[in-house]
Amino acid sequence: MNARPRIQATGVVESLLVFLAIMALWWLASHQEWVSKVFLPTPEATLASLKEGLFDGALVGNSIDTINRMLLGWLLASLFGIALGAMIGISATARAWLQPTLEFIRPLPASAIMPLAISIFGLNASMVLFVVAFGSMWPVLLATVHGFATVQPRLREVADALQMSRAMFSWKIALPSAMPDILAGMRLSMTVSLIIAVVGEMIASQSGLGQAVLLAARSFRASELFAGVVLLGAIGFAANALLALAERKLLRWQRP
């Protein structure tokens, strides 16, 4: 057995052990009532609420709404982030002019622009989508700028020797070279889009897991609240795993 598969197998086992330890601690804390069951349900109660919500369709519908909102916002963020990042990253002049502005806007939390978005769009699905796209665009944008700005000088020399136009250089050389940075930014952006989608659903009272979790918390239905949180974790895990798989497929040319 090669060293790399062995290390990967060991990592999977260790991760599974950590997960089981957390579940055991949760089971013990809830059954021993270290925390009131009003706030910390047992794993069994959470699983029962999860099954009930999935079978009666309530959680399924809410999950679809949240996933659709997350994916659409992420796709818009990726599209605009890659396009703007490529235009800025390919030009040293554009970076010099725009980098300070980007660094000023980048740290702003998405929640900070929600009042502005509400004043423009109102409390509706368009507002949530705008905030999701805006908040999740920055990881892709900055990763793309970095990827295009750090193209190896020898590749630029090759492009000059071949008399490539800037557009051709961006498409044929800079984009493949920046792809690892872009994909890493897109993976981070997916996580951000899920978080903002949930927060937006809570604030704008839009259908989805965010609203379901909020209503369960207000009604002190702890098992339903934890079922929604578990489902959100599963969605985030699945999305990240799929993107990681796509990243390995797209970047397999880099591996020896």
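Helices (H or I, at least four residues) and strands (E, at least two) are DSSP runs, numbered from the N terminus. Read along the sequence, the chain then gives the pattern α-α-α-α-α-α-α-α-α-α, with 10 helices and 0 strands.

The model is predicted: local features need pLDDT of at least 70, side-chain atom pairs count only at pLDDT 80 or more, and totals for chains, interfaces and linings use all residues. Residues are numbered from 1 along each chain as its sequence is written, and side-chain values use heavy atoms, with hydrogens and water left out.

**The whole chain**

The C-alpha trace spans about 70 × 60 × 30 Å along its principal axes. Accessible areas come from the Shrake-Rupley method with a 1.4 Å probe, and for residues only the protein chains shown count as cover. The accessible surface of the chain is about 15,000 Å², and 70% of this surface belongs to carbon and sulfur atoms.

A residue is called buried under 20% relative accessible area, exposed over 50%, and partly exposed in between (1.4 Å probe, protein chains only). The chain has 256 residues, of which 35% count as buried.

Two residues are in contact when they have heavy atoms within 4.5 Å. Among contacts between residues at least 6 apart in sequence, 70% join residues at least 24 apart.

For charges, Lys and Arg count as positive and Asp and Glu as negative, while His and the chain ends are not counted. The place of a charge is taken as NZ of Lys, CZ of Arg, CG of Asp or CD of Glu. The chain has 18 positive and 13 negative side chains, and the centres of the two sets lie 10 Å apart.

**Helix α4**

Helix α4 covers residues 92-105 and has 14 residues. The expected span of a helix is 1.5 Å times one less than its number of residues. From its first C-alpha to its last, α4 reaches 20 Å, close to the 20 Å expected. The bend at a residue is the angle between axes fitted to the seven residues ending there and the seven starting there. In α4 there is a bend of about 45 degrees at L98, and a proline, P100, follows within four residues.

**Residues in helices α6 and α8**

S189 lies in helix α8, residues 166-204, and S136 lies in helix α6, residues 125-149. S189 counts as buried because its relative accessible area is 0%. S136 is also buried, with a relative accessible area of 0%.

Neighbours within four places in sequence are left aside in the contacts that follow. S189 is in contact with W74, A77, S136, P139 and V140. S136 is in contact with G73, W74, A77, S189, V192, S193 and I196.

W26 is found in helix α1, residues 3-31. W26 is buried because its relative accessible area is 17%. Not counting residues up to four places away in sequence, W26 touches L40, P41, T42, P43, T46 and F226.

A227 is found in helix α10, residues 222-250, and counts as buried at 1% relative accessibility. Again leaving out residues up to four places away, A227 touches T46, S49 and L50.

A45 lies in helix α2, residues 43-55. At 29% relative accessibility, A45 counts as partly exposed.

| Pair | Apart in sequence | C-alpha to C-alpha |
|---|---|---|
| A227 and L28 | 199 residues | 18 Å |
| W26 and F104 | 78 residues | 41 Å |
| A45 and L98 | 53 residues | 52 Å |

**Two loop residues**

E33 is found in the loop between α1 and α2. Phi of E33 is near 55 degrees, a positive value in a residue other than glycine. E33 is exposed because its relative accessible area is 52%.

F220 lies in the loop between α9 (209-218) and α10. Phi of F220 is near 60 degrees, again a positive value in a residue other than glycine. With a relative accessible area of 56%, F220 is exposed.
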